Amino acid sequence: MGHDAFDLVIVGGGITGAGALLDAAARGLRVALVERADFASGTSSRSSKLVHGGLRYLDQKEFVLVYEALAERQILLRNAPHLVEPQPFLFPLFTRGSGPARSQAARAYARTIGLALWLYDLTGGLRIGKRHRRVSIPRALELFPALDPSRVASAYLYYDARADDARLTLAIIQTAVHRFGAPAVNYTAAVGLEKSSGRISGVRVLDGVGGRELTIRAPVVLNAAGVWSDDVRTLDEGVHPGTIRPAKGVHITVHRSRLPVDAAVIVPAVPSKTWSMRFTGRPRLSILSRGAAMAKNATILGVMLGHATPAQAAGIHAALVEGLRNGTLRPVVGVEIPLKDAPRSHEAVMEAGHHGKVVLVP
Ligand SMILES: Cc1cc2nc3c(=O)[nH]c(=O)nc-3n(C[C@H](O)[C@H](O)[C@H](O)COP(=O)(O)OP(=O)(O)OC[C@H]3O[C@@H](n4cnc5c(N)ncnc54)[C@H](O)[C@@H]3O)c2cc1C
């Protein structure tokens, strides 16, 4: 790669870099990708493995984002049916309060969620071929027997998709390499940007196997380093721009025999919206935490499992947990707004004054 000149060099071999590589190569650009470790070894192999439109983004009125994500979901289902498949989701609604107010509140909440699911279907969800429906409490318990029947007010079933994130990333890179001849190398880190007359002219990379440093020439560099995008920018700008806020997710592992489940399950957090739990239906259970972003494992586990009623209603307790992976970070753009309100849409930044450098953040 050191001898060739490219139109574009991509830094980062996660799903963002992989997608950009394939897109650019398919358009006929001469493009190359460098990844400092294994492909997909960053966030793209540690996600919750869902290909979804983002039901909760409707709450933030991000209709365009949901529409686009559901359109992409459909493209992936069509293009990669061996890696992406439909996934039913159970959405149980729990009772709150007491007396007549309790059933009134439950009905109102069910209507709100029903409306959100209609919106999700109409925004593109229906293209999966099935629409959401209300299911009986016995059916909900069949799908997820650990639910506490005395606390389930009603339940919905809707559809999204799941994927093997790392394999999907690899398949996209393989297609770019084998079908379009775009080189992609791993164990090669970007260590600096080259400039000529104030314009980007290439990327300096360190070959992690041979130990050699070389320059890949290109007038445009795409920074697709995910949560490390600011670090790559620092190579050039000297100071850390601080534009990315890493949002932490935690996955915990519960053996299927201890917690049988036949659908993914969403348990919305009550009373705050800071926590949500998704039981992925495979032997793993994923709990996404955003609030306690930098807390220690034990604290997170304690907070998650001790967290008020939904967790208890779902019958989760510490003794069931076999493993915990804490520390997977996702890049969220925007440091000034509360994390839950931060936009989840992609952001592409063409850097003014640094002609030829583009930062792409998912
Ligand atoms: C807990 C959790 C659950 C999630 N669940 C889902 C989900 O279910 N569905 C979904 O769609 N999204 C999910 N996400 C979000 C999704 O995983 C990320 O948006 C996505 O993986 C980001 O991909 P990326 O390619 O931008 O970053 P990454 O996959 O992190 O890739 C960046 C790459 O850049 C490389 N790199 C960094 N510095 C350099 C350098 N100097 N030189 C060369 N390479 C470099 C890194 O090694 C890394 O491989 C989840 C995120 C988290 C944290």
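**Sheet and cores**

Mentor: Please keep in mind that this is a predicted model. In its sheet, glycine 192 stands opposite arginine 204 in S9.

Trainee: How many bridges join S8 to S9?

Mentor: Eight bridges join them, and the two strands run antiparallel. Two residues lie between the strands of this hairpin, where serine 197 adopts a positive phi near 50°.

Trainee: And what does S9 do with S10?

Mentor: Strand S9, residues 199-207, pairs with S10 in the antiparallel sense over five bridges. Leucine 206 is found opposite glutamate 213 in S10.

Trainee: In what order do the strands of the sheet come?

Mentor: The order is S8-S9-S10, in an open sheet of three strands with antiparallel pairing. S8 (188-196) and S10 (213-217) are at the edges with a single partner strand each, so one side of each has no neighbour in the sheet. From one strand to the next, the twist averages 30°.

Trainee: Changing topic: which residues have the most contacts inside the largest nonpolar core?

Mentor: They are Val9, Ile10, Val11, Leu21 and Val31, in a core of 44 residues. Among the elements that each supply at least two residues of this core are S1 (8-11), H5 (165-180), S8 and S9. Its largest share, seven residues, comes from H1.

Trainee: What does valine 11 touch?

Mentor: Leaving aside residues up to four places away in sequence, valine 11 touches several residues, including Val34, Ala190, Val203 and Val221.

Trainee: Which residues belong to the other core?

Mentor: That core lies apart from the largest one and has 21 residues, among them Ile113, Tyr156, Ala263 and Ala264.

Conventions: Residues are numbered from 1 along each chain as its sequence is written. This is a predicted model: local features need pLDDT of at least 70, side-chain atom pairs count only at pLDDT 80 or more; totals for chains, interfaces and linings use all residues. Two strands pair if DSSP finds at least two bridges between them. Helices (H or I, at least four residues) and strands (E, at least two) are DSSP runs, numbered from the N terminus. Axes are lines fitted to C-alpha atoms, for helices over the stretch in contact, and angles run from 0 to 180 degrees between N-to-C directions. A nonpolar core is a set of buried Ala, Val, Leu, Ile, Met, Phe, Trp, Tyr and Cys residues joined through C-beta atoms within 7 Å. A residue is buried if 20 or more other C-beta atoms lie within 10 Å of its own, exposed if 12 or fewer, and partly exposed in between; C-beta atoms are placed from the backbone. Two residues are in contact if their C-beta atoms, placed from the backbone, lie within 7 Å.
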